[in-house]
Amino acid sequence: MTSLDEYDPINENKFRHMKTVITSSGESLASSFDMRFGRAAYFCVLDQESGRTEFLENVNKDDSHGAGTKVAEKLIEMGVKKAVSGDFGPKAKELLEKFHVQMVVLQNTGQSVGDIVKKMKN
């Protein structure tokens with residue numbers, strides 16, 4: 001598994017298309033959707049064209065402050081165009097808006113990440 005800090009978008013060939021990130025409590029499609037953005041345990045990166053997914057650990061989840069902003073910066077560097085979470089902090093939201101990353105806010109639905117991925121593919 002890769003962490004957000006280790007992800008290298010220049011050398012990464014798996015995700016050349018539009019990327020969507022979904023906040024996750026674990027590192028599999030069976031994991032529950034995490035309502036937190038900057039403090040989510042993992043991120044599911046979905047390649048919208050190929051349908052492939054990869055899970056990245058959120059190395060910023062335990063930071064004392066600025067976790068959402070740090071995560072937003074890394075996702076922008078990765079070329080993410082859509083982020084799905086339960087909430088976005090004001091600074092992360094501002095940064096994502098500035099770089100035209102669409103934010104999708106889901107209410108606590110009790111869904112797994114796989115359920116959300118399936119709906120996004122349809």
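**Close-up views of a predicted model**

View 1. A polar atom in the side chain of Asn58 sits 2.8 Å from the backbone oxygen of Ala40. For a polar contact, look for a pair of N or O atoms within 3.5 Å; within protein, one must be able to donate a hydrogen and the other to accept it, and residues adjacent in sequence count only if both atoms are side-chain atoms. You will find Asn58 in the loop between strand 4 (53–57) and helix 1. Asn58 counts as buried because its relative accessibility is 0%; buried means under 20% relative accessible area, exposed over 50%, and partly exposed in between (1.4 Å probe, protein chains only).

A word on reading these views: this is a predicted model, where local features need pLDDT of at least 70, side-chain atom pairs count only at pLDDT 80 or more, and totals for chains, interfaces and linings use all residues. Residues are numbered from 1 along each chain as its sequence is written, and side-chain values use heavy atoms, with hydrogens and water left out.

**View 2. The whole chain.** Three helices and six strands make up the secondary structure; helices (H or I, at least four residues) and strands (E, at least two) are DSSP runs, numbered from the N terminus. Follow the chain from the N terminus and the elements read β-β-β-β-α-β-α-β-α. Of its 122 residues, 45% count as buried.

**View 3. Helix 1 beside helix 2.** The axes of helix 1 (residues 67–78) and helix 2 come within 8 Å and cross at roughly 20°. Helix 1 is therefore roughly parallel to helix 2, a label for angles under 35 degrees, while over 145 is roughly antiparallel, 65 to 115 roughly perpendicular and the rest oblique. These axes are lines fitted to C-alpha atoms over the stretch in contact, and angles run from 0 to 180 degrees between N-to-C directions. On the helix 1 side, Gly68, Thr69, Ala72, Glu73 and Ile76 make the contact, meeting Lys91, Ala92, Leu95 and Leu96 of helix 2; contact means heavy atoms within 4.5 Å.

**View 4. His100 in a loop.** Look between helix 2 (90–98) and strand 6 (102–105) for the loop that holds His100. Its phi is near 55°, a positive value in a residue other than glycine. With 69% relative accessibility, His100 counts as exposed.

**View 5. Lys119 and Gln111.** Lys119 belongs to helix 3 (residues 113–121). Its side chain joins that of Gln111 through a polar contact of 2.9 Å. Lys119 counts as exposed, because its relative accessibility is 56%.
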